[in-house]
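The sequence and the coordinates are shown first.

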Amino acid sequence: MAQLSDDCFAFGGPLLSVEAAAALIADRVPPLVGEEAVPLRQALGRVLARPLIAPLPLPPFFNSAVDGYAFRHADLGATGATALRLEGRVAAGQAAAALGPGAAVRIFTGAPMPPGADTVVMQEDARLEAEAILVPPGLKPGANARPAGEDVPQGAAALPAGRRLRAPEIGLAAALGVSALPVAPLVRVGVFSTGDELASPGTPLGPAQTHDSNRFTLLALLAGLPVEAIDLGILPDDPVATAAALRAAAASHDLLLTSGGVSTGEEDHVRTAIEQGGRLVFWRLAVKPGRPAAMGVVDGTPVVGLPGNPVAAVVTFLHLARPLVLRLGGAVPEPLPRFAARAGFGYRKKAGRREYVRVRLEAGLPLPVARKFERDGAGLLSSLTESDAFAELDEAVLTVAPGDTVAVLPFAALF
């Protein structure tokens with residue numbers, strides 16, 4: 001389990017920038033200890049605990065990259081086409097006999113190069129005449145052939161420690177003959193919602209209640225990360241019960257996430273509950289939506305208190321919870337994906353904070369066009385389902401005019 005010092009998140013300023021938050025997490029949160037070996041079929045999304053050292057070269061032998069004819073480059077004439085006698089054929093999966101001077105062999109993609117051969121002419125570039133082939137001039141030595149280890153040399157680090165394993169990484173491990181990989185432990189994350197105004201989906205609503213959405217949004221966001229996510233339900237607006245629940249959950253989780261209850265209202269109890277079980281540093285994160293956010297430590301377990309408004313909860317999750325999960329899980333830092341777009345809207349904002357504007361994306365040249373969603377409220381879940389991205393306006397930006405270049409964070413790569 002995570003065991004952090006109470007003051008690991010200590011920060012003296014009134015507002016914390018996105019970059020400062022990431023640096024604080026990277027500097028003061030150690031990864032979880034341990035590893036386990038998992039079969040390739042179970043490795044997707046896990047974090048590689050140790051470098052994968054190639055046990056053999058990839059490809060493992062000198063082979064043809066095309067369908068064609070293999071021969072010794074030294075046999076080619078200095079000018080004009082060269083006639084080489086044809087001696088047999090080699091298909092993928094077959095052993096190849098040594099090739100003598102002045103000869104060529106029919107060869108197929110992936111087949112081993114015959115000993116002595118070093119070059120391949122593509123079948124469409126050669127001309128077959130009786131028992132010989134005519135090879136055109138201009139081929140360089142080694143053309144259309146793949147040396148052993150061209151992709152990954154034997155003994156090289158094929159994958160670094162901390163890499164999250166996707167389909168390409170798993171495919172590479174399989175190509176190297178590796179059937180299981182050493183991975184870091186899953187981060188055990190408990191997720192609470194807070195507030196008497198919430199009811200779980202599927203249960204009747206009281207006269208002043210709404211159905212809880214944040215807990216399910218956060219659990220879905222966690223599903224794309226190397227975690228074991230646990231639904232811990234809804235905490236009531238009760239300071240004693242909230243403190244007790246956090247302390248109980250801290251004993252069996254590596255990270256706790258809450259939503260709601262982190263502002264300064266009389267019914268906001270998460271801040272006080274964290275302080276009772278450890279230490280709180282209240283981060284007024286310099287972002288909009290999402291400024292009210294809390295981070296602290298309860299009995300050695302980090303706790304992140306996200307805002308109650310759904311869009312604000314998503315934004316602060318991306319900047320606080322996501323990097324914290326990756327750090328605990330031993331993953332290398334993964335910046336949020338961004339690309340450039342052309343603003344199809346005008347906008348004014350305050351200096352000193354980063355703002356995230358929900359936008360729809362339209363095809364355009366030379367850049368796609370970002371159209372602002374019609375409404376701005378941080379509680380509008382439809383603004384996420386009917387948009388494609390966040391337009392990110394950094395701290396120094398005061399105005400955006402139509403046609404300006406803006407950075408956008410595509411939902412398809414975030415959620």
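Glu-35 counts as partly exposed because its relative accessibility is 42%, a value that lies between the limits of 20% for buried and 50% for exposed. The model is predicted. Glu-35 forms a salt bridge with Arg-50, and the closest N and O atoms of the pair are 3.0 Å apart. Glu-35 belongs to the loop between α1 and β2 (36-39), whereas Arg-50 belongs to the loop between β2 and β3 (52-53); the pair thus links distant parts of the chain, 15 residues apart. Arg-50 is likewise partly exposed, with a relative accessibility of 44%.

Another salt bridge brings together the side chains of Glu-36 and Arg-46, at 2.7 Å from N to O. Here Glu-36 is in strand β2 and Arg-46 in the loop between β2 and β3, 10 residues apart. Glu-36 is partly exposed at 37% relative accessibility, while Arg-46, at 9%, counts as buried.

In total, the structure holds 23 salt bridges. One of them joins Arg-338 to Glu-392, with the closest N and O atoms 2.6 Å apart. Arg-338 is located in the loop between α6 and β23 (339-343) and Glu-392 in strand β27, so this contact ties together parts that are 54 residues apart in sequence. Arg-338 is partly exposed, with a relative accessible area of 38%; Glu-392 has a relative accessible area of 11% and is buried. Through shared partners, salt bridges connect Glu-19, Arg-338, Arg-354, Glu-392 and Glu-395 into one network. Side chains of opposite charge can pair when their charged atoms come close.

β27 pairs in the antiparallel sense with β25 (residues 354-362), over five bridges. Four bridges join β27 to β29 (residues 405-410), again in an antiparallel arrangement. Glu-392 takes part in both pairings: Glu-392 is the bridge partner of Tyr-356, and Glu-392 also stands opposite Ala-407 in β29.

β5 (residues 68-71) and β7 run antiparallel and are joined by four bridges, with Tyr-69 facing Arg-106 as its bridge partner. β6 (residues 82-90) and β7 run parallel, also joined by four bridges, and Leu-86 has Ala-104 as its bridge partner in β7.

## Nonpolar cores

The largest nonpolar core has 49 residues, of which Val-189, Leu-222, Phe-317, Leu-324 and Phe-390 touch the most other members. Elements that give two or more residues to this core include α1 (18-28), β14 (187-194), α3 (214-222) and α6 (310-328). The largest share, 11 residues, comes from α6. A second, separate core of 18 residues includes Leu-40, Ala-158, Leu-172 and Leu-181. In soluble globular proteins, nonpolar side chains tend to be buried together.

## Helix α5

Which residues of helix α5 (residues 270-277) are buried? They are Val-270, Ala-273, Ile-274 and Gly-277. Viewed down the axis of α5, the buried residues fall within an arc of 100°, so they line one face of the helix. An α-helix has 3.6 residues a turn, so residues three or four places apart point the same way.

Methods. Residues are numbered from 1 along each chain as its sequence is written. This is a predicted model: local features need pLDDT of at least 70, side-chain atom pairs count only at pLDDT 80 or more; totals for chains, interfaces and linings use all residues. Side-chain values use heavy atoms; hydrogens and water are left out. A nonpolar core is a set of buried Ala, Val, Leu, Ile, Met, Phe, Trp, Tyr and Cys residues joined through side-chain atoms within 4.5 Å. Buried means under 20% relative accessible area, exposed over 50%, partly exposed in between (1.4 Å probe, protein chains only). Two strands pair if DSSP finds at least two bridges between them. The arc is that of the directions from the helix axis to the C-beta atoms. A salt bridge is a side-chain nitrogen of Lys or Arg within 4 Å of a carboxyl oxygen of Asp or Glu.
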